[in-house]
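Student: I have a model open and want to get my bearings. Can we go through a few spots?
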Amino acid sequence: MNKLGIFMNFWEKNWDADHKKYIDKAAKIGFDILEFQAQPLLEMSDDHIRELRKRADDAGIELTYSLGLDRNYDVSSLDETMRLGGVKYLQNIIRKMQVGGGTLLSGVSYAGWGCPNVVMDDKRPYWEQSLKSMKEIVKVAEECGVTYCVEAVNRFETCLINTAAEALDYVAQVDSPNIGVLLDTYHMNIEENNIGDAIRLVGNKLTSFHTGENNRTAPGRGHLDWDEIFGALADINYKGRIVSEPFVMQGGEVGRDIHVFRDLVENPCEATIDAEAAYLLNFEKEMLKKHGMA
Ligand code: MN
């Protein structure tokens, strides 16, 4: 069966938090993977990163990483100083991931997270800058055994890569075994004409998969067609990771950055979120079974 994971900030309103607590919690609920923001790695000593890795190994949890790139490190910037600073920054994050044995990075990691507030008739100059950066970043990913997953996200979060087709084009132009495409059901619901077709288009270039509902609640709670989604994953014989990334609580850095301005579950205390996590894990396992993937 595909490894199933959860993003730590389902629970936490700030990006950095007590990783050990969530390693233990994810294992207890029955997940295989815990994904968290990669940036806090830069503030951690190598010993602390190794300690987290050991905790995760002992709990049977794989740690994967995600980031929304700080716009001060925008690797698609037309400003060469900023672009080169971003290349160094991402290379450092990849090196820190290697310390903890991390092999997978997702998110908006090919441009600053957000849309440039300029009139833009043609995004190609930014695309070219990003590609130039990525060719340098991916060399470090190759050295460190990290797979760089280019996540297509909706138009309110980037101008560069909104669709599966754009992600495929980008990855083809970087041309490395250590780069692939990440699709996320929440973003696909906004940008794709047909979610199943988008998944089939990416096919064997799909290196990770994020799940979340149309309104970013837990899979199964909203109106996405999960039979279409898991059916398409079965069509491409997808064996990779499936990580849920719901956000249901207002407040904190996460509420600000993800634009969650109301609670999307009733009484969002820790016990409620635990129960939602258990619910979505079961929902996805049932979907995998139904579509012959388990
Ligand atoms: Mn995602």
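Student: At what angle do helix H7 and H8 pack, and how far apart are their axes?
Tutor: Helix H7 (residues 195-202) and H8 pack at about 20 degrees, and their axes are 9 Å apart. Helices here are DSSP runs of H or I with at least four residues, strands are runs of E with at least two, and both are numbered from the N terminus. Axes are lines fitted to C-alpha atoms, for helices over the stretch in contact, and angles run from 0 to 180 degrees between N-to-C directions.
Tutor: Two notes on the source. This is a predicted model, where local features need pLDDT of at least 70 and side-chain atom pairs count only at pLDDT 80 or more, while totals for chains, interfaces and linings use all residues. Residues are numbered from 1 along each chain as its sequence is written, and side-chain values use heavy atoms, with hydrogens and water left out.
Student: Which residues make the contact of H7 and H8?
Tutor: Ile195, Gly196, Ile199 and Arg200 come from H7, and Glu228, Ile229, Ala232, Leu233 and Asp235 from H8. Contact means heavy atoms within 4.5 Å.
Student: Are Glu151 and Asp184 buried or exposed?
Tutor: Glu151 and Asp184 are both buried. Buried means under 20% relative accessible area, exposed over 50%, and partly exposed in between (1.4 Å probe, protein chains only).
Student: What about Arg216, where does it lie?
Tutor: Arg216 is in the loop between strand E7 (206-211) and helix H8 (226-235). Its phi is positive, about 65 degrees, although Arg216 is not a glycine. With 6% relative accessibility, Arg216 counts as buried.
Student: And His259, is that buried or exposed?
Tutor: His259 is exposed, at a relative accessible area of 52%. His259 sits in the loop between helix H9 (252-258) and helix H10 (270-290), and its phi is also positive, near 65 degrees.
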